[in-house]
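Please keep the sequence and the structure in view.

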Amino acid sequence: MEKIIYTQGYKTLRDSLKEELSKSVESFVRIGYLLKVARDTDVLKESEYKTVTEFAEVEYGLNATQVSRFISINDRFAEGGYSDRLDTKYQGFGYAKLSVMLQLPDTMNEELSPSMSKREIETVKAEFDAEAKVTDIERVLEGSNSLEGDTSELDDHTQLLYQTILALGEAEPELYERVAAVDGYEEEEEILKALPLIMVPSDTKVYSIRVIGKGRMMLTCTEDKASIVNSRTGEKEIYTWAEVAAAWEYAGAIEKLPFPNTTIGKWEKRYEKKWPIAPVQEPKSESKPEKLKKPKKESKVVKAKPDDDAEHIEEQVEGQLSFEEACPEIIPQDYENNSQEHEGESHESEAGEPDTQVVGEVAAASKYPESVEYERREVLDLLDGLRAEVCKEDIKCNGIRELKNNMIQLIASGLENLAMALWEYEIELPDEEDEDD
């Protein structure tokens with residue numbers, strides 16, 4: 001074999017190879033762009049194809065779902081939402097990860113790292129999906145964490161961080177223990193250097209924490225900052241490490257309590273229960289030392305721990321009357337079908353055709369767009385939840401108080417959204433004069 005001579009040098013080879021690999025990995029962005037061009041211009045007039053879907057399927061074997069995904073990725077992640085280049089903040093993720101990120105809010109995607117695996121990003125999405133299953137009624141009836149104390153003097157920005165860190169310390173005692181170790185540092189600078197090393201073992205760490213009465217909060221930590229994204233609203237707050245340190249002091253991990261002053265003692269005093277982690281037993285002297293194992297790679301995403309003290313509201317207490325039994329006089333004849341429809345179940349006749357039976361009072365739904373129907377269902381779900389709570393046989397005073405304090409605002413907000421959706425629908429309708437013409 002003849003000796004191959006390459007005169008360009010290592011740097012040129014490295015840079016050229018990197019450029020080509022980048023083109024290969026992110027070519028899906030250009031695919032989405034070209035499909036959009038085929039969709040949005042008259043370029044297909046030169047061919048036999050009428051739609052971009054038909055063109056892509058015949059020429060390249062891409063089905064409608066794949067075409068839609070390529071286009072959606074370009075919409076969300078390309079420069080300016082319409083380009084053959086990936087936005088710089090999303091470079092390095094790849095097609096598989098971005099396909100999952102399509103289903104997350106932008107505020108959360110901005111906090112993710114390319115070094116995260118697809119499985120870790122799927123875990124983040126699963127946490128968002130889990131919170132979506134908790135209704136506003138359930139969240140309201142949770143009340144608030146009795147351990148918080150009076151935080152009324154704090155602004156909403158700080159209050160959210162304090163509530164999140166307090167819940168994180170309770171759910172992750174081992175993390176609480178590691179944070180408490182910085183108590184030995186006298187200078188604040190030392191604490192602020194140590195905290196990121198403890199909470200962010202790699203470039204990014206995402207903690208999913210369920211805050212009672214508020215829902216899951218996605219606490220994302222990097223070396224420079226921390227942020228909290230509300231899984232219910234997608235809203236984001238950004239914090240400095242000094243603010244995080246203050247929150248851990250509020251949770252009792254850094255603050256030196258009068259007594260006791262051990263880590264376990266601090267945790268038990270702050271959370272008013274026993275330390276849940278069993279102490280590590282020393283191996284017997286006569287036993288052979290175990291073979292050293294490679295430490296397990298730590299995930300960049302920590303899932304929210306289930307709340308052991310609270311059950312879902314829809315789970316019926318033993319001996320409690322059902323909604324149908326408690327309030328038969330106010331239940332529509334087709335209430336059961338209505339409930340199933342709100343749960344997203346499809347109703348089809350034996351022949352396989354959609355069931356056209358009108359459910360409850362939503363008879364005239366067909367003439368409205370989905371945006372109106374969605375807001376209408378949101379209001380009805382709130383009212384159904386309110387009615388079910390009021391009709392409970394074991395109705396509780398504190399539950400009604402929580403509804404009184406929150407339900408008016410929720411219903412008012414729902415009605416406002418419904419009114420806006422109807423208004424947008426109405427202004428799109430043609431004028432009566434136009435219809436006569």
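The turns below treat aromatic rings, helices, strands and loops.

Q: What kind of model is this, and how are its residues numbered?

A: This is a predicted model, in which local features need pLDDT of at least 70, side-chain atom pairs count only at pLDDT 80 or more, and totals for chains, interfaces and linings use all residues. Residues are numbered from 1 along each chain as its sequence is written, and side-chain values use heavy atoms, with hydrogens and water left out.

Q: How many aromatic pairs does the structure hold?

A: A pair of aromatic rings is described by the distance of the centres and the angle of the planes. Rings of Phe, Tyr and Trp (its six-membered ring) pair if their centres lie within 6.5 Å; planes under 30 degrees apart count as stacked, over 60 as edge-to-face and the rest as tilted. There are 12 aromatic pairs in the structure. In one of them, the ring centres of Tyr-176 and Trp-248 are 6.1 Å apart and the planes stand at 75 degrees, so this pair is edge-to-face.

Q: Which parts does the pair of Tyr-176 and Trp-248 tie together?

A: Helices (H or I, at least four residues) and strands (E, at least two) are DSSP runs, numbered from the N terminus. Tyr-176 belongs to helix 10 (residues 173–180) and Trp-248 to helix 12 (residues 241–250), so the pair ties together parts that are 72 residues apart in sequence. Ring pairs also link Tyr-176, Trp-248, Trp-267, Tyr-271 and Trp-275 into a cluster.

Q: Are Tyr-176 and Trp-248 buried or exposed?

A: Buried means under 20% relative accessible area, exposed over 50%, and partly exposed in between (1.4 Å probe, protein chains only). Both Tyr-176 and Trp-248 are buried. The buried residues of helix 12 include Trp-241, Val-244 and Tyr-250.

Q: At what angle do helix 10 and helix 13 pack?

A: Two packed helices are described by the angle between their axes and the distance between the axes. Axes are lines fitted to C-alpha atoms, for helices over the stretch in contact, and angles run from 0 to 180 degrees between N-to-C directions. Helix 10 and helix 13 (residues 263–271) pack at about 120 degrees, with their axes 10 Å apart. The two helices are therefore oblique to each other (angles under 35 degrees count as roughly parallel, over 145 as roughly antiparallel, 65 to 115 as roughly perpendicular and the rest as oblique).

Q: In what order do the strands form the sheet?

A: Two strands pair if DSSP finds at least two bridges between them. Here 5 strands form an open sheet in the order 4-3-2-1-5, with mixed pairing. Strand 4 (236–239) and strand 5 (301–302) stand at the edges with a single partner strand each, so one side of each is left without a neighbour in the sheet. Strand 1 (residues 205–211) and strand 2 (residues 215–221) are antiparallel over 7 bridges, and Val-211 has Gly-215 as its bridge partner in strand 2. Strand 3 (residues 226–230) and strand 4 are antiparallel over 4 bridges. These two strands form a hairpin with 5 residues between them, and Gly-234 in the turn has a positive phi of about 80 degrees.

Q: Which residue has a positive phi although it is not a glycine?

A: Most residues other than glycine have a negative phi. Glu-272 has a positive phi of about 55 degrees, although it is not a glycine. Glu-272 is found in the loop between helix 13 and strand 5, and Glu-272 is exposed, with a relative accessible area of 65%.
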